[in-house]
Structure formats: structure tokens, C-alpha cells
Amino acid sequence: MGRVGLGVAVGCAAVTCAIAAALVARRASARARWRRAVALLREFEEGCATPPARLRQVVDAMVVEMHAGLASDGGSKLKMLLTFVDALPNGNEEGIYYSIDLGGTNFRVLRVEVGAGSVIINQKVEHQPIPEELTKGTTEDLFNFVALALKSFLEREDDQDLKRALGFTFSFPVRQNSVSSGSLIRWTKGFSIEDTVGKDVAQCLNDALARCGLNVRVTALVNDTVGTLALGHYYDEDTVAAVIIGSGTNACYIERTDAIIKCQGLLTNSGGMVINMEWGNFWSSHLPRTLYDISLDEETQNRNDQGFEKMISGMYLGEIARLVLHRMAQESDVFGDAADSLSSPFILSTPFLAAIREDDSPDLSEVRRILQEHLKIPDAPLKTRRLVVKVCDIVTRRAARLAAAGIVGILKKLGRDGSGGVASSSSSSGGRARGQLRRTVVAIEGGLYQGYSVFREYLDEALVEILGEEVARSVTLRVTEDGSGIGAALLAAVHSSNSQQQVPI
Ligand code: ADP
Ligand code: MG
């Protein structure tokens, strides 16, 4: 070989070595970046851990806060609001009633026709999304929109000249003065209309109804949880509490008036009253809070509020996952160069998070589609898609398990969690031997709970872990489809002047 030939050979070898070294270095750095993504995943998983012992601490904290909220206004982050609902529908209501359900993502108008014997003869529900601009506009615009929707609904009915009782489900914290009036304490779930705070929201709706010439007035102003409890109780008198897990989350339950210390001398015919807990604002140092929860809180308009809700409900779960994936994209290149969309807040909605978690195809083709079409991340390899599924799973599992702890908190406050020895048979549904567990029904509704089966499975699993199998068997979670609206119509029936249909609670 001549000198030239030797030079070329040496040159080629050097280039080959350099390429090989570059490839090795690239692979090593890719491996390091993948390890970083996995480390972030592990760290997130640990931060979200909810072993049974921790869930029990959350249960106990919930009970302590319930007592504190009942003792004094401002005594707890749990507001434990009086609802003035001391009678629930008993199944004997008859007639046609209307309701409006305003509370989050969707707005509903309902017409409910009921007959004696807990029979819903007919029901009509119309849904429509609330235009985003109305959630941040003026009181008048929002309530005009609601009133006009009712007007258009009523114009399509042929029962025009009936005397109408209207239930108004308004799912934000309200300080009630009576069953048909109450002032807004503050907005939640992304609504922010400054001038509504402090106003009587039933009056706001009545004014709007009058402005559009409707001769209808609010008969019952209820929280969505209270509507749900009313429908649950209408069907099953063992229903003692209701939980919503939709855009937001909240719960209510039936409390004895003598336990409502902050309202001494409160008298009701029944000796009980439904309490709207506003549990979305529950907080405890036992809640597993991560850096992502703090970032989420900073993005919201109600910072430092609704901490429990921000870990559990549909408005936020997708966003928590998005924050985790965004950090992974920044600190590793698992999503390649095309991960810009992950920097847009709220781009991953909770129904997509659910679809990702529920994709059981071997190649995660639905995950691939969602990443491609909604997050503009093409060609994520299978192992990256698995990572995304895992993030969505962690977010879901923590949410469902915390919701379960909240439910057990209510059961414990009511002495129905089996912890004080099993409750004896003093219930109206009687007939059980002493020492037997009392059957307890919790009415439940909300788009997240109803639409996401993995969430329901995790919640059920946690109930068994906290309560034990035997006690958990005595607790039934019953979905009440459109319960918040139908229940409000039933409460309008109970409280309308032409009705004496009441059953003490
Ligand atoms: P609201 O009464 O507050 O408008 P809904 O009870 O209708 O709320 O629930 C809507 C919320 O439920 C949405 O914000 C969404 O996050 C969540 N959701 C709806 N469908 C699903 C689903 N299939 N999987 C997971 N979450 C869902
Ligand atoms: Mg709702």
C-alpha cells in the first residue's frame, strides 16, 4: 500500500471511530435523559402516595375539620354551610316542576313530571356548555343567559300556564338565609365575576327572569350536592350523604341540628338539616401535595383555595398530568422536539387523561392518537406512551383514593364507618338486630365519576382498604343521573306553597 493509500485508510478509520464514539455518546446521553424522565416519574409517584395509613389520617383530619366548621363560622377551611333543607322529598310529590343547574362546565334546564310513589313520569333535560366569556363577564350577562335559556325551553312546552315552581341548582359556595335565598361567598371552578360576590343569587335570577317577562320565581336554591341528596333520598331513605365529582368536587350530608354548634337554637321540624360541606376547600397537612400541585395552584384564579378539589376533580386532573409531562419534556427529550404544546396550560383535558389511562390496546394506539392529534406530539415510541399512561394513572389513583377518604370522613362523623363498634339499629329503616351494620347509601354524581371507570374502581378499592370488607359492604355508592337538577326540581316541589309533601330527615 502506498503512502496515499495508508493515509486514506487511517483517515477512514479515524472517521469511523469518531462516528462510533459520537453514536455511543449520543446513546449514553439518550439513556441518561430517559433515566431522568423515569426518575421524575418515580419522584412524582412517591409524592402522590396514598397508603391506607395516610388515607386514615386524611379521614381523621376531615372529621376534625367538620367539627370545627360546625362549631364556628371561619373555624375551618370546611365551611359546613347551612342549607335550610330540613325536609327531603318522600316520593309522594306530584306535578310538573322545573329546575336550572348552573355549576361548572355544562348548564342544564330540566322539566320533571312526578307522580305519587317515587315515580318520575317524565323528565326532559337540555344541556349546553356555558360560553367561556360569561364566566368572567358581568352578573347581568350570566343570569340573562340562564333566564333566556329557561324562556326558550318553556316556550317549547305546552304546560305554559301552570304555576311553576323552580329549583335553582347553583354549585358554588353560598351563605343561605332561607331555602330560597342566599348570597355568593366566592366563585370557584374558573368562574370570576367580581360583582356577584355577596349578592343574593336567587334574586339575581329572579331579576333576570322578570327582565325577560317570565312569571317564574326561584322556590328552592340548592347546591348540586343537595339536589343529588334529594334525588337519592327520594329513591332510598337510607341515603345520608351526597358527593359530586365532576368539574369540581363537593359533598353534603344530613346533620343533627344540635350538632350545629355555630347556630345554637336552630330549630327545624325534623331535628336535622342538610349541611353543604364545601369539601373542595378541605385542607390537611396529610394530603400528598407535590410541586406540580403548587404550580397548578399558581395558575388558578383562586390561589390557596379549593386544595382538595384541585387534587380530585375533572377541572384539574388533566392539568396536573400536563405539568408533569411538561417537566419531563424539558428535562429529557422523551417527547422529541415537538413538545411545545405541553407548555400550554390546560391543553390536556381530564376526559383525554381518562382515555389515555383506559387505552388497553397492546400498542397503545389511542394514546398515540391523542398525543398526535391533541398534543401535536407525533411518533412517541411505545415506551414513552407507557410513561404517559403511568403519569395519568398516578394522578387518577391519588384523586380517587382521596375522594374515598373524604367519603369515609363523613361516614365516621355519622358513626357509620364501623370504627366505634358497629352502629345499632336506631335508623328509621329499623328491624335489624343490635350490632348489625347499618346500611348506608351515598348518592354520587358528576362527569368524572360517571365517565371514568378506572376512577370508580380505584375509589371502591380504597373504600375497602380503609373500611375493611365487611363495613364497605354496608356502604352503597349510588349514581343519581342528573340528580343535582332533578333533585332541585323535587325540592322545589317540597317547598312550593301548593305542596305539603314533606318527610322530616
Ligand atoms: P359540571 O356539573 O360541574 O358541569 P359535570 O358533572 O358535567 O360537571 O362533569 C364535567 C367534568 O367531568 C368535566 O370537566 C370533565 O373534566 C369531567 N369528565 C367528563 N367526562 C369524563 C370522562 N369520560 N372521563 C373523565 N372525566 C370526565
Ligand atoms: Mg354538576
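Trainee: Which residues in helix 2 meet helix 13?

Mentor: Pro 52, Leu 55, Arg 56 and Val 59 in helix 2 meet Ala 462, Glu 465 and Ile 466 in helix 13. A contact here means heavy atoms within 4.5 Å, and helices (H or I, at least four residues) and strands (E, at least two) are DSSP runs numbered from the N terminus. By class, that contact has 5 nonpolar, no polar and 2 charged residues. Ala, Val, Leu, Ile, Met, Phe, Trp, Tyr, Cys and Pro count as nonpolar, Asp, Glu, Lys and Arg as charged, and the others, Gly among them, as polar.

Trainee: Before we go on, what kind of model is this?

Mentor: This is a predicted model, where local features need pLDDT of at least 70 and side-chain atom pairs count only at pLDDT 80 or more, while totals for chains, interfaces and linings use all residues. Residues are numbered from 1 along each chain as its sequence is written, chains are lettered from A and ligands numbered from 1 in the order in which they are written, and side-chain values use heavy atoms, leaving out hydrogens and water.

Trainee: Back to the helices: at what angle do helix 2 and helix 13 pack?

Mentor: Helix 2 (residues 52–71) and helix 13 (residues 453–467) pack at about 85 degrees, with their axes 10 Å apart. That makes helix 2 roughly perpendicular to helix 13, a label for angles of 65 to 115 degrees. Axes are lines fitted to C-alpha atoms, for helices over the stretch in contact, with angles running from 0 to 180 degrees between N-to-C directions.

Trainee: And which residues of helix 9 meet helix 11?

Mentor: Leu 353, Ile 356 and Arg 357 do, and their partners in helix 11 include Val 388, Cys 392 and Asp 393.

Trainee: New topic: where is Glu 278?

Mentor: Glu 278 is in the loop between strand 12 (272–276) and helix 6 (291–299). Its phi is positive, about 50 degrees, although it is not a glycine. Most residues other than glycine have a negative phi.

Trainee: Is Glu 278 buried or exposed?

Mentor: Glu 278 counts as buried, at 7% relative accessibility. Buried means under 20% relative accessible area, exposed over 50%, and partly exposed in between (1.4 Å probe, protein chains only).

Trainee: What about Asn 304?

Mentor: Asn 304 also has a positive phi, near 70 degrees, and lies in the loop between helix 6 and helix 7 (307–312). At 59% relative accessibility, Asn 304 counts as exposed.

Conventions:
Parallel < 35°, antiparallel > 145°, perpendicular 65-115°, else oblique.
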